[in-house]
Amino acid sequence: MTGNPFAPPSAIVADVGSAQVLSSKPPFFAVSLLKLVVLSICTFGIYEFYWFYKNWWLIKDREGSAISPALRAVFPVFFCYQCLARIGEFATPALAKSRLAVGPLAVGWILTMLLDRLPGGYGLAALLAVAFLVPVQSRANQINDAVSPGHDPNSRFTFWNWVLVVCGLILVPLAVVGTFVTPP
């Protein structure tokens, strides 16, 4: 080595962006909007808990935090705003700033999920809770495409997805009929 060992480096360093942009793994759970809606309805909303789990797991992995994705997925009513906010506020140079109304979407999802406690056919309105996750997943898909181009968009239905869809196609109509038919 010749020269001053205490001198600053003289190599030219290009600004390559944040570490989030350099990651090859998508920052949020990738799933097509159609698959999200179909599996949420066919599983009576259980897929939404899986959706929260997968997003919290990726958030924990990316941020290196000590959160418990399983607990946050089991109790999404308490943690859905934080999850939706992380998706809505995720900054990437490739996308314009998000104008996702996270607060109303979280409140709408919570209130709609709580509708399952209503008597009669009104409880089936809880199946519509997925509508509040669609804009959030749309933004997550945009972020995933910008940060990790070429990732698997998770738009194909797997064998087990089809099993759930077939079961849902049988059970959802039975649930609808069962709520409106009174026993003799």
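I looked up Ser40 first, and I count Ser40 as buried because its relative accessibility is 1%, where buried means under 20% relative accessible area, exposed over 50% and partly exposed in between, with a 1.4 Å probe and protein chains only. I note that this is a predicted model, in which local features need pLDDT of at least 70 and side-chain atom pairs count only at pLDDT 80 or more, while totals for chains, interfaces and linings use all residues. Residues are numbered from 1 along each chain as its sequence is written, and side-chain values use heavy atoms, with hydrogens and water left out.

I found Ser40 in helix α2, residues 33-42 (helices are DSSP runs of H or I with at least four residues, numbered from the N terminus). Setting aside neighbours within four places in sequence, I see Ser40 in contact with Gly45, Tyr47, Glu48 and Val130, contact meaning heavy atoms within 4.5 Å.

Among the buried residues of α7 I list Val136, Ala140, Ile143 and Val147. I then read which residues join the helices: Leu33, Leu36 and Val37 in α2 meet Val134, Gln137, Ser138 and Asn141 in α7.

Last, I checked confidence: the protein chain averages a pLDDT of 88, and 91% of the residues score at least 70, pLDDT being the predictor's confidence in each residue, from 0 to 100.

Technical notes
Helices (H or I, at least four residues) and strands (E, at least two) are DSSP runs, numbered from the N terminus.
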